[in-house]
Amino acid sequence: MARPKKEGKVLNIKLDAKLYEELEKYCDESRRTKTAVIEIALESLLKKTNHKGE
């Protein structure tokens with residue numbers, strides 16, 4: 001059964017090659033998508049810096 005689509009926006013970015021390799025390795029090991037890992041990291045950064053998303 002497919003997951004329901006979430007409402008979102010597309011973001012195209014260019015990463016340092018080494019950072020991208022580390023991201024791929026982490027995703028493989030944690031069995032998470034790149035999107036999920038980057039969303040978690042960004043949410044954590046914004047929370048840590050007290051950024052209000054309003």
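Tutor: Before we start, Ala, Val, Leu, Ile, Met, Phe, Trp, Tyr, Cys and Pro count as nonpolar, Asp, Glu, Lys and Arg as charged, and the others, Gly among them, as polar. This is a predicted model, where local features need pLDDT of at least 70, side-chain atom pairs count only at pLDDT 80 or more, and totals for chains, interfaces and linings use all residues. Residues are numbered from 1 along each chain as its sequence is written, and side-chain values use heavy atoms, with hydrogens and water left out.

Student: How much space lies in the largest pocket?

Tutor: A pocket is an open set of points on a 1 Å grid over the protein atoms alone, where a 1.4 Å probe fits, with protein on both sides within 12 Å along at least five of seven lines. Its volume is the space filled by probe spheres set on the points, which are joined across faces, edges and corners. For the largest pocket that comes to about 560 Å³.

Student: Which element gives the largest share of its lining?

Tutor: Lining residues have an atom within 4 Å of a point. Helices are DSSP runs (H or I, at least four residues), numbered from the N terminus. Six residues, the largest share, come from α2.

Student: How do the lining residues of the largest pocket divide?

Tutor: Lys9, Leu11, Thr35, Ile38 and Glu39 are the closest to the pocket's centre, out of 16 lining residues. The whole lining divides into eight nonpolar, two polar and six charged.

Student: Is Ile38 buried, exposed or partly exposed?

Tutor: Ile38 sits in helix α2, residues 34-48. Buried means under 20% relative accessible area, exposed over 50%, and partly exposed in between (1.4 Å probe, protein chains only). Ile38 has 37% relative accessibility, so it counts as partly exposed.

Definitions and conventions: Helices (H or I, at least four residues) and strands (E, at least two) are DSSP runs, numbered from the N terminus.
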